[in-house]
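Trainee: I have a structure open and would like to learn how to read it. Could you take me through a few features, one at a time?

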Amino acid sequence: MIFQFGNILRLRCKRFLRFLYFLGIFRLLVVFGLTMLLLSVIYVLISTEKNVYLIASLQLLVCLMIHIKRKDKNFLRIHISPFKISCLIEYLVISLPLIICLLIHGRWLVLLYMAVGILFIPTINLTIRIRRKSFNTSMQKLIPSDLYEWKAGVRKNLFILLAVYGLGICLVCFTVAIPVAIFITGLVVADFFIPGESWPMLLSFEKAPEKMLLYKIRRHFLLYAICNLPLIVLFILFHQDLWYIPFIEFLSLSSIHIYMITVKFACFRIDGNNHVNYALYLTGIFIGLIPVTTPFLLLISVYFFQKACTNLKPLLYDYN
Amino acid sequence: MITIKEFTVGYQKGFNVIESLNLTINDNTINGIAGRNGSGKTTFFNAVFGLIKKEKGEVLLNGQKLTKKEIAYLPAENYFYSFITGREYLSLFDDYEIDKWGCLFKLPLDVIVDDYSTGMKKKLALLSVVKQNKQIIMLDEPFNGLDIESCHILKLVLLRLKEAGKTIILSSHIMESLTNICDYIHYLESGKVKFSRNKNQFNELEKDLFSMIESENTDIIKKLIDY
């Protein structure tokens, strides 16, 4: 058993070192700095009685999530015996910084709480499997097939979209109802552009990069405008003096969507599953939500549009 | 006719996976690409299709540069979009007779692709390629992950496509899959076509290949097992 575990441990160390190597010196320094910052914050926080249990519980929750979500359970069960002890050692290693902090502060009771928790986690035999349902409402049929982001997004967020949209309409007499509905649905729609497509899906357009991107933006803008039109009309009917609010919102959110589309294709890779860069996504949302900086977001989108065209050129050059 | 001349592809400078490959592929034929793991089959497909930049050489279709417009390509690994159904995926390429195609391969078209098994995903990708109605069809390992019934249906589909005037290039690790349907088999080794054989020479090809493998490896296997 010790031999087997030693091999696994060696593999884990190699993977960790490889990860550090691929990070590069600059990112490594940033990660190191952030880790140190986080550890110092934890060190300060556990000095008060109020926070110490919360932090210990959070640490246990992290270990629990790792245990539930880890994909190597079967591999370890087959090759390592006993499997639970190897898990226990791993969770102890993960919790080591916190344990050291607790030892320094002399929090013996919390240490005992942590020990019990870490001992208990490997015994849990639970795997979360979310069964996705195929929502095939007539709404999907109304969406054109080339707007697959909308088809998938509406299916994924159907209930939240319907609830927010419905509440917005029902509570139209309240000034904030419709702007809030436009805001939430706009953010949900922005989320449609996070998953990326495979290259055969892009080829199905049979268009050059510029034309394909403009086509996608135009089609999205049109559908988004159609969806928002009832909300905007209702708001103007009930609150004529504030007519400009939904328009500003609509334009801000549309800018975010255009930014998302261009960023997605600027980061597109042929060889795999594509997802938009979350850092760029969040930056875009923050810039787009401040009305003063919205034009700036459109300028960045122009830059990403150029970048996306260059990025897609090797794939779509035949359609020029 | 597809003419591939002096085709060279590499990922790193000084190391070419495909080296000055020359090959002629006749119209209305099914051509198998065989070879060991790492012999450059997938690279060959990716480069002919234009997913990888070639170092030198050219690929011509009847004397004109071959473009993606004329090719439907099934890569070895397939990625799909989350939360869309098989029907929605296929309708991106062509709306015509989706249900009948789905029935043929027994695909639940109204289920989201994320819930498909590996084999189902392969079938969906195959259907999308067939439905593109392109002159040249390139299939990298199309039989991988398919059940016996689907393998046979695919063979029938490919033979019918050939009759309809399409040119098909496919690769497989299973020699039998190739000898059953191909008109020509081209054997790749170290990024070059080592030899090409037509239908009449397939028996010979299998014998030659297996005797080559046996002569290269029997002693090694004996030593390893006896140790």
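**Reading a strand, a core and a helix**

Mentor: Let's start with strand E6 (residues 71-74) of chain B, which is covered on both faces: B:Ile71 and B:Tyr73 are buried on one side, B:Ala72 and B:Leu74 on the other. Buried means that 20 or more other C-beta atoms, placed from the backbone, lie within 10 Å of a residue's own. Strands (E, at least two residues) and helices (H or I, at least four) are DSSP runs numbered from the N terminus. This is a predicted model, where local features need pLDDT of at least 70 and side-chain atom pairs count only at pLDDT 80 or more, while totals for chains, interfaces and linings use all residues. Residues are numbered from 1 along each chain as its sequence is written, and chains are lettered from A and ligands numbered from 1 in the order in which they are written.

Trainee: Why do the residues of a strand fall on two sides?

Mentor: In a regular strand the side chains alternate between the two faces of the sheet.

Trainee: In which sense do E6(B) and strand E7 (residues 136-139) of chain B pair?

Mentor: Strands pair if DSSP finds at least two bridges between them. Here E6(B) and E7(B) are parallel, with four bridges, and B:Leu74 stands opposite B:Leu139.

Trainee: Which residues touch the most other members of the largest nonpolar core?

Mentor: Such a core is a set of buried Ala, Val, Leu, Ile, Met, Phe, Trp, Tyr and Cys residues joined through C-beta atoms within 7 Å. The largest has 62 residues, and B:Tyr73, B:Ile84, B:Val129 and B:Met138 touch the most other members. Helix H4 (residues 118-130) of chain B gives this core its largest share, seven residues. A second, separate core of 27 residues includes A:Trp199 and A:Phe305.

Trainee: What does B:Val129 contact beyond its neighbours within four places in sequence?

Mentor: Contact means C-beta atoms, placed from the backbone, within 7 Å. For B:Val129, the partners are B:Ala72, B:Tyr73, B:Leu74, B:Ile137 and B:Leu139.

Trainee: How should I read a helix?

Mentor: An α-helix has 3.6 residues a turn, so residues three or four places apart point the same way. In helix H14 (residues 294-316) of chain A, the buried residues include A:Leu297, A:Ser301, A:Phe304, A:Ala308 and A:Leu312. The buried residues of H14(A) pack against helices H10 (199-203), H11 (209-238), H12 (244-266) and H13 (278-289) of chain A.

Trainee: Where does H14(A) bend?

Mentor: A bend is the angle between axes fitted to the seven residues ending at a residue and the seven starting there. H14(A) bends by about 25° at A:Thr310, and A:Pro314 follows within four residues.

Notes: Buried ≥ 20, exposed ≤ 12 C-beta atoms within 10 Å, placed from the backbone. Contact = placed C-beta atoms within 7 Å. Expected span 1.5 Å × (residues − 1).
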